[in-house]
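I opened this notebook to record what I looked up in the structure shown below. The entries go from the whole chain to selected pairs of elements.

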Amino acid sequence: MNPIGESRNSNRLFKEETPVWYGLNGKVSRKWLSACKEERNQTQGLMEKIVSPLNLQEACRRVVSNGGSSGSDKMETEELKNWLGENLSKLQEELLTGSYVPQPVKGVRIPKPKGGYRQLGIPTVKDRLVQQAISQVLSVIYERTFSENSFGFRPSRNAHQALKMAASYVKEGQESLVNIDLAKFFDEVNHHRLLWLLGTRLGDKRVIRLIHQFLRTGIMEGGVTSVRIKGTPQGSPLSPLLSNIVLDELDQELTRRGYSFVRYADDLQIFCNNQRRGEQIKESVTHFLEGRMKLKVNREKSGVRQYWQSNFLGHSILKEGKVGLSKQSEERLRTKLKSITKRNRGNSLQAILKELKLILRGWLEYFKHASMKSKLDKLDGWLRRKLKCYRLKQCKRTIGIVRLLRSLGVEEKLCWKTALSGKGWWRLSNSPGISTGMTNKWFKEQGYYDLSENYKRLQCKLL
């Protein structure tokens, strides 16, 4: 079969006829079933595409470029290219005959900012290769039918685009926001329902069986392997696509109902005109998620809020169609910066500045679309003062402070007056002697990453 021809046929089936999952009666529509049946006939030989040398080589390249730690078999990503060169034929045969057996996933727990932990699963490098190869082929099939309101884990789509759409709804006057929090979504995905969803559109049963094997692969922690009966492990190349396949059913239903919504992975925001309507939507969508899709909704975290109370992807939403920095994101950054600038760390000021630059540059690149100039001005002032305290404590004695201020060009009398003041580090950091010596220009020479200055630069590029 010609892959290009199949893509065009699938596009015709699912776009020109515009079938939807559910009709007005709430039942699966005949058009959707008919399109799925024809697509199943077109996808009988999917495994042959997955094991094609070009597809496996591209999967290998992506796995190696993504890096990451080794899995339960201790094989490193740098070894994968040579391994594939030596075992290509064997791997192809195992996948085609169904004899390929995934290895246990290495379990890793990552603490969450608000407490608890996120369970990650790190597959072996070989399993990552196979999952990436599957994902590349399935993405061609599913990507064209995913909702325009979905942005997470998709090519040429990102968080900034999701925020832009959310802000546009608020600008139109839909100022109430329904936040639906899916409780441990990746851990709660129902395997039977996911396999059913795959089976509605994929005709190659070998691919579905292999995905089922990956879903059931046990997680190894402390030398003990536990079997999974639900969920998709975060950290695997296939998990993002599978999560979108599951949640596309929700997207289709929200579209059918005519709701204004934005979804980024499992973060769902629905916009409406008032609080009362929002409560109705919340209850209705919760019923659909728990009853039809067999997912769990965290009712304590879900709710209806006004747009200015939002925290969508770390941003707040402003009425004029813009986004700002959420209070939670600002507090989280301050907590991180406090940890880096603790006065008892014992690192040099230059080492601290390098560490800060790495953190702040990445943070600002993500939040560059937010309107937050005044917040950054205050944050810069606060951080410079923290760094002054850090450097002053390194002086240890009075004479050390005097020598430091002398080197900064502060007059002798002011040097001694500052050093002998008896103030605590925080008050001392704002004294005339310190302000005279440790100027913004001095910080820049030391390598300080100026948030306000770099924010202006990024804003100019965006304009």
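**Entry 1: The whole chain**

I found 21 helices and ten strands in the protein chain; helices (H or I, at least four residues) and strands (E, at least two) are DSSP runs, numbered from the N terminus. The model is predicted, so I note that local features need pLDDT of at least 70 and side-chain atom pairs count only at pLDDT 80 or more, while totals for chains, interfaces and linings use all residues. Residues are numbered from 1 along each chain as its sequence is written, and side-chain values use heavy atoms, with hydrogens and water left out.

I then looked up burial: 49% of the 463 residues in the protein chain are buried (under 20% relative accessible area, with a 1.4 Å probe and protein chains only). Among contacts (heavy atoms within 4.5 Å) between residues at least 6 apart in sequence, 73% join residues at least 24 apart.

**Entry 2: Strand β7**

I examined strand β7 (residues 267-272), where five of the six residues are buried, so the strand is largely enclosed by the rest of the structure. Strand β3 (residues 176-181) runs antiparallel to β7 and is joined to it by six bridges; two strands pair if DSSP finds at least two bridges between them. In this pairing V178 stands opposite I270.

Strand β6 (residues 260-264) is also antiparallel to β7, with five bridges joining them, and R263 stands opposite L268. I noted that β6 and β7 form a hairpin with two residues between them, and that A265 in the turn has a positive phi of about 55 degrees.

**Entry 3: Helices α6 and α10**

The axes of α6 (residues 125-142) and α10 (residues 205-216) come within 12 Å and cross at roughly 135 degrees. Axes are lines fitted to C-alpha atoms, for helices over the stretch in contact, and angles run from 0 to 180 degrees between N-to-C directions. That angle makes α6 oblique to α10 (under 35 degrees is roughly parallel, over 145 roughly antiparallel, 65 to 115 roughly perpendicular and the rest oblique).

I listed the residues that meet: D127, V130, Q131, I134 and L138 in α6, with V207, L210, I211 and F214 in α10.

**Entry 4: Helices α15 and α16**

For α15 (residues 373-395) and α16 (residues 398-407), I recorded axes that come within 7 Å and cross at roughly 125 degrees. These two helices are therefore oblique to each other. R391, L392 and C395 in α15 meet G400, I401 and L404 in α16.

Notes:
Buried means under 20% relative accessible area, exposed over 50%, partly exposed in between (1.4 Å probe, protein chains only).
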